[in-house]
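Please read them with the coordinates open.

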Amino acid sequence: MYEGAIQDLIDELGRLPGVGPKSAQRIAFHVLSADPADVNRLAGALRKVKELVRFCTTCYNVAESDQCRICRDPRRTDEVLCVVEEPKDVVAIERTGEFRGRYHVLGGAINPLEGIGPDNLRIRELMTRLSGGTVRELILATDPNTEGEATATYLALMVKPMGISVTRLASGLPVGGDLEYADEITLGRAFEGRRAV
Ligand SMILES: [Zn+2]
């Protein structure tokens, strides 16, 4: 336990996901000994992310204008829509270079234990997009864990009666895992080998 500002910083860092008490302490002392210009850049980046970054009004990916870079790209097809849980999953799929369609970011997955139901996700917004009639294939790329599977099953039931082909990423992804942790090759293959549900 330290006094004043250094302890405040350790406490704040310790509240971040994946940062334990020891890491919080190590980062805090690193900041203390770092060049002031580096620390100012970090502080500026933290402030700017809250000021500038918002969610794309079309797909709910992170964006710095009304629409994200992917929604604004005229070279991508509107006929294939890939549903993911979080913006970080968009990044994981983009890294594979396998996908040239658009995305829809749900903002999580169905999780009854944490009180997250379909109404808490951007499912209504997805249905509105699909009702436009342009989308021919919906790829369900939710995480390969219980919540992700439940969400995929729910969406498949909702969307299939609309006459849209619904696919799920192929197995090969580590079960119980998180999409973002899959390496590019595994995720790329899962994408190519997606199957109808
Ligand atoms: Zn977008």
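The points below take up the metal site, the strands and the aromatic contacts in turn.

1. The model is predicted, and the values in these notes should be read with that in mind.

2. The zinc ion has four protein donors: the SG atoms of Cys 56, Cys 59, Cys 68 and Cys 71, lying 2.3 Å from the metal. Along the chain these donors follow the spacing C-x2-C-x8-C-x2-C. The angles that the four donor atoms subtend around the zinc ion run from 102 to 119°, and the arrangement is tetrahedral because all of them fall between 85 and 135 degrees. For comparison, the ideal angle for four tetrahedral donors is 109.5 degrees.

3. Cys 59 is buried at 2% relative accessibility. Cys 71 is buried too, with a relative accessible area of 12%.

4. Strand S3 (residues 80–84) pairs with S4 in the parallel sense, over four bridges. Within this pairing, Leu 81 stands opposite Arg 102 in S4. Together with helix H5 (residues 87–96), S3 and S4 make a right-handed β-α-β unit.

5. Which residues cover the two faces of strand S4 (residues 102–105)? Arg 102 and His 104 are on one side, Tyr 103 and Val 105 are on the other, and all are buried. For Tyr 103 the relative accessible area is 1%, well inside the buried class because the limit is 20%.

6. The count of aromatic pairs comes to three. In one of them, the rings of Tyr 2 and Phe 29 have centres 5.2 Å apart and planes at 65°, so the pair is edge-to-face. Tyr 2 lies in the segment before helix H1 (5–14) and Phe 29 in helix H2 (residues 21–33), so the contact ties together parts 27 residues apart in sequence. Tyr 2 is partly exposed at 36% relative accessible area, and Phe 29 is partly exposed at 33%.

7. Phe 99 and Tyr 103 also make an edge-to-face pair, since their ring centres are 5.1 Å apart and their planes are at 70°. Phe 99 is buried, at 6% relative accessibility. Phe 99, Tyr 103 and Phe 191 form one aromatic cluster.

8. One further ring contact involves a charge: Arg 122 lies over the face of Phe 55, 5.4 Å from the ring centre.

Notes: Residues are numbered from 1 along each chain as its sequence is written. This is a predicted model: local features need pLDDT of at least 70, side-chain atom pairs count only at pLDDT 80 or more; totals for chains, interfaces and linings use all residues. Side-chain values use heavy atoms; hydrogens and water are left out. Rings of Phe, Tyr and Trp (its six-membered ring) pair if their centres lie within 6.5 Å; planes under 30 degrees apart count as stacked, over 60 as edge-to-face and the rest as tilted. Buried means under 20% relative accessible area, exposed over 50%, partly exposed in between (1.4 Å probe, protein chains only). A charge sits over a ring if NZ of Lys or CZ of Arg is within 6 Å of the ring centre and within 35 degrees of the ring normal. Two strands pair if DSSP finds at least two bridges between them. A crossover is right-handed if, with the strands pointing away from the viewer, the path from the first strand over the helix to the second runs clockwise. Donors are N, O and S atoms within 2.8 Å of the metal (3.2 Å for Na, K and Ca); water is not among the atoms, so sites may look incomplete. Four donors count as tetrahedral if all angles lie between 85 and 135 degrees; four count as square planar and six as octahedral if opposite donors are over 155 degrees apart and all others between 65 and 115; anything else is irregular.
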